[in-house]
Amino acid sequence: MADIVLINPAFDTSYWGLEHALPLFGKRANVPPASLPLLAALTPNEHRVTLLDENVEKLDFERIARADIVGITGMSVQRRRMREILEQVKERGGGFAVVGGPWVTVQEDYFDEWADTIFVGEAEETWPRFLLDWEAGEHHARYEQTQRSDMTRVPTPRFDLLKMHHYMFGSMQFSRGCPFQCEFCDIIVTFGRRPRLKTAAQVIGELEALRAAKMEIVFVVDDNLIGNKAAIKSLLRDLAVWQRDNGYPLMFFTEASLDLSEDEELMRLMTEANFVSVFIGIESPNEASLRETKKFQNVRKGGSIVEKVRSVQKAGLDVWCGMILGFDHDDTTIFAAQKTFLEDARIAHAMIGILHAIPKTPLYDRLAADGRLDYDDVPSYGTNVIPLGMSRDELTEGYVELMRDVYSPAAYFSRVDDLFLDAGFRFAAPRAKYWRTHPWQGFKSQALSLVRFAGIYWRLMRMVTESSLRSEYRRRIFGLLRARRDPAVLFSYAVKCATHYHHHRLATEMSRGETAVINSF
Ligand code: B12
Ligand code: SF4
């Protein structure tokens, strides 16, 4: 029997981390690390597994050093902390150190001195095999699966081993893989271009586990939920039945490609399964840049990108998006173009980043061949790419200015209100319809939304230090109240205020030079 400790290292503050908003929700982290409870479920019962997430609790290095095997996961932004943790463990004469996850998968030599074994890519088969090898003293320094994991055999993650009450959202995965070929993307390098899905029975099993952990909002962490449209439609139908049978206990958000807008049935099925928002990789309003990066799905016929986003919103899905600056076809006019695009598309939440080249991607290979990678001062520039249409300084300065503009209260709430007030965005309509025939459940749920809204409002008024922001939030919320009396919408609007606080603070700190430009790399 081995004593195994698996660790998710702390993140630095970032757009997605929502660090400044978390106290407003009374939470310590946004999403639990999905890999750790999954690895625990893949571990044979004779071993003892402890899961530690540094984002919700301080690490006790003395305890960690006593473990037989210390496993660490992490993505690019966690890589330095991953190394620090390994160093601390080694200094204390700690156990066998293994590393897996997105970063080591693309940068295999990063932990050379610190890790005894690394795992490249998926680990459904290699993790249990490693444990057998380790017990026999025959383990290898590197494991990589020859076949991609069979998603229909992935077990239900051991959420019970995490302190789930500290997280804002639950997380689960329906599928891996994406059929597209965006040049900068490491997902297709790691998971392939053929989407692989779990069965409805597996998904429902996980939903029950998340419900048991008292989660209410779940991030479906697929990179592209709709990579296999026929398969996901079938799954969504089963999910909608489960929601209706159980009184809509869970609300979902996810990521999908823009071709979602071309499929009315798919959008309807998503809302029936209680998906309320979707993150779409739009990347740029500049068509030449989209073609350059092989994001062909965004330049297809059938309307402009703005029109396509509006179709998704009309179906009842709030759109979040990813935008990238610094493609070869971008010059300094891109900053204004991005801002105008977000206004026209009424997208409140845009994860704007600077193009960077992830190792093993086609973009990385192209730029390396052209001598256009520069690792000098990456944290300040936020990229390892030497841009073509402007200097590195112009790119970072333009980025910071754009973030500040886009998250100024006036610009942000103008986008939110355009959607929520003027367009009367239909929020979770199938659930509202269900409540009309189940009034008691509807009443309980709406009462809970009101309580939650009141909690966030109270914290906004107490914890936000800038009085101008407090009065902005108050004014906006009362504006919404005059137009719409739905507690669910009110709660979701309060969440918009809290997330604004995070984005606005982050953008302000960046523009004052108080935090690194962007730690997406
Ligand atoms: C959910 C998610 C998030 C969540 C947080 C998740 C969390 N708490 O860990 C949020 C939304 C917060 C997030 C944020 C960001 N993310 Co993110 N995220 C994802 C996403 C979509 C899914 C991750 C997931 O849950 N996968 C499901 C699990 C089961 O898969 P897995 O982690 O790969 O684990 C498997 C194997 O890797 C392996 N494994 C993993 N760890 C370990 C450890 C050991 C010891 C072993 C043996 C095996 C092993 O076993 C698992 C089973 O096969 C991935 C893309 C993807 N599809 O993986 C991007 C991804 C990880 N994110 C990425 C990035 C860049 C970011 C951001 C920096 C974006 C930004 N610009 O702000 C931020 C930074 C976060 C922060 N707070 O600072 C990149 C990382 C690139 C890289 N190669 O390192 C990815 C790959 C997406 C991408 N290509 O852009 N993210
Ligand atoms: S659509 Fe998203 S997941 Fe698919 S290849 Fe492009 S960036 Fe990667």
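This is a predicted model: local features need pLDDT of at least 70, side-chain atom pairs count only at pLDDT 80 or more; totals for chains, interfaces and linings use all residues.
How many salt bridges does the structure hold?

Residues are numbered from 1 along each chain as its sequence is written, chains are lettered from A and ligands numbered from 1 in the order in which they are written, and side-chain values use heavy atoms, with hydrogens and water left out.

Let me begin with the overall form. The protein has 521 residues and a radius of gyration of 23 Å, which agrees with the value near 24 Å that a compact globule would have; this radius is taken over C-alpha atoms, and the globule rule is 2.2 Å times the number of residues to the power 0.38. Its secondary structure comes to 21 helices and 14 strands, where helices (H or I, at least four residues) and strands (E, at least two) are DSSP runs numbered from the N terminus. Of the 521 residues, 59% count as buried, and here buried means under 20% relative accessible area, exposed over 50%, and partly exposed in between, with a 1.4 Å probe and protein chains only.

Now to the opening question: the structure holds 36 salt bridges, each being a side-chain nitrogen of Lys or Arg within 4 Å of a carboxyl oxygen of Asp or Glu. In general, side chains of opposite charge can pair when their charged atoms come close.

One of them joins Glu-108 and Arg-142, at 2.8 Å from N to O. Glu-108 lies in the loop between helix H5 and strand S5 and Arg-142 in strand S6, so the pair ties together parts that are 34 residues apart in sequence. Glu-108 counts as partly exposed, at 23% relative accessibility, and Arg-142, at 38%, counts as partly exposed too.

Another salt bridge, also at 2.8 Å from N to O, links Glu-124 and Arg-176. Glu-124 lies in the loop between S5 and helix H6 and Arg-176 in strand S8, so this pair ties together parts that are 52 residues apart in sequence, and both residues are buried.

Glu-509 is buried, with a relative accessible area of 15%, whereas Arg-505 is partly exposed, with 29%.
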